[in-house]
Amino acid sequence: MQDSYSKEVKEAEKSLIRYCGEFSPFIAEKASGSYIYDKDGRAILDFTSGQMCSVFGHNHPKIVELLETAGDKAIHLLSSILSPPVIELAHKLSSELPEELSKCIFVNTGSESNEVAIRMAKLVTGGFEIIGFSGSWHGMTAGAQSYTYSKTRKGYGPTIPGSLMIPAPYEYRCPIAHCKGTCDTTCLEVGMRMADQQSVGEYAALIAEPLLSAAGMIELKPQYVKRLKELCEERGLLLIFDEAQTALGRLGKTFAFEWYDVVPDFITLSKTLGGGLPLAATVTTAEIEEECHRKGFVYMTSHVSDPFCASMGLVAFDILHGEDLSQNALKMGDYLKDRLLELQEKHECIGDVRGKGLLLGVEIVKDRETKIPDDDLGRNICDRCLELGLNMNIVRMKGYGSVFRIAPPLTITKEQIDLGITMLDQAITDCLESA
Ligand SMILES: Cc1ncc(COP(=O)(O)O)c(C=O)c1O
């Protein structure tokens, strides 16, 4: 399969900027539910739901209906003009969130939603220093990239001044070589003290993914977040939860932060809110919004408050609740995790299985004793999965492990999970045999 597809992709590369290293070796013709189909009609089970966006499955009928009827309504307007879908979505979102989080803005990408939060945090606090987590990913725009400590930092010159970092609580590989398997939040205390020493006294915000995806599926546990919030409050740091991947039911609740007893100052939503279409939102408190407005806050982009994209958000909540997908994410997530743990018992190269709901990580190691990451094996398994008909995603970071990020649509069935597990099992066996 790979060879013929590579030829087509090679041809395409003549007129495309290679923005992601290597393109996938096949050309996707269409997508539906949990599957992508290539030109020859071959079905590929998608364990990444696109770029972690298509939580309702590819081309959900309600999304297709929205696209088909979009021409009856306004698609795009002057940025200062409001429309019914924008107003309705703002009401809907605030009704889904704790009452403190009542003010919304609608943009297109996750990067942008974080730019908005960071701009507002800077304006309202008068500070400019932003703390992010090691391994985090908040986007590719200059501001969001500055607080993104994934592998995309090198080679592009200075980041925005005031970018500080604390270690993510990576339990499998304690960042300060202190805990054995269960985080006792010492890394947080140490990290904050180090940030305090680096700070020039102009704190604005701390940005966190409830489950750090690009960092290798590292979950922030409730006790950790409770302490994080206290430490932020002590320092006047506003807390931003970036729920690009975790919201809209992925972790078994509409928003992941509902697992915590903590309400953040900002929540940013993107990927999953649009279900595959470009919709993102930033939500904050009335007090913060009021103070920013008083100070002349501006965030004008061509597609802010676009009615068509906002109508997608309404469809997203309709599908999420109508099909009880948070519940399905919990149920199917538990089932998938159990199946992955069975694979771990069988294959020594699976060092760790972690995550929550339908956002799970599988870490590939040389052996469990040394925990040395096995990048080559991880890559080979990923390639072999695709040959067998399973689309997987692996993150490989220097100093971190080699981790599969498993994020199927929330509509996934038990049978599809079983099929995916069979292919993953086969891929691991094949790669170990040929090693
Ligand atoms: C947690 C998180 N935040 C923000 C972003 C950036 O979103 P976008 O690519 O839509 O700009 C991503 C993208 O992967 C992400 O995973």
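Let's start at the ligand. The shell around it holds 13 residues, and Thr109, Gly110, Ser111, Gly139 and Ala244 come nearest. A residue is near a molecule if its C-beta atom, placed from the backbone, lies within 6 Å of it. By class, this shell has three nonpolar, eight polar and two charged residues. On the classes: Ala, Val, Leu, Ile, Met, Phe, Trp, Tyr, Cys and Pro count as nonpolar; Asp, Glu, Lys and Arg count as charged; the others, Gly among them, count as polar.

A word on the source. This is a predicted model: local features need pLDDT of at least 70, side-chain atom pairs count only at pLDDT 80 or more, and totals for chains, interfaces and linings use all residues. Numbering runs from 1 along each chain as its sequence is written.

Now the whole chain. The protein chain has 14 helices and 17 strands. These are DSSP runs, numbered from the N terminus: helices are H or I with at least four residues, strands are E with at least two. The C-alpha trace spans about 65 × 60 × 45 Å along its principal axes. Buried residues make up 48% of the 435 residues. Buried means 20 or more other C-beta atoms within 10 Å of the residue's own, with C-beta atoms placed from the backbone.

Next, the domains. The assignment, automatic or from a database, gives domain 1 as 2-56 + 324-434 and domain 2 as 66-322. Their C-alpha centres lie 26 Å apart. Domain 1 puts 31 residues into the contact, and domain 2 puts in 27. Contact means C-beta atoms, placed from the backbone, within 7 Å. On the domain 1 side, the elements giving two or more residues are α2 (49-52), α12 (325-346), β13 (350-356), β14 (359-364) and β17 (402-406). That side has 15 nonpolar, ten polar and six charged residues.

Four strands make an open sheet, ordered β1-β2-β3-β15, with mixed pairing. Two strands pair if DSSP finds at least two bridges between them. The edges are β1 (28-32) and β15 (390-391), each pairing on one side only. Inside, β2 (residues 35-38) and β3 (residues 43-46) run antiparallel, joined by three bridges. Tyr37 has Ala43 in β3 as its bridge partner.

Definitions and conventions. Contact = placed C-beta atoms within 7 Å. Buried ≥ 20, exposed ≤ 12 C-beta atoms within 10 Å, placed from the backbone.
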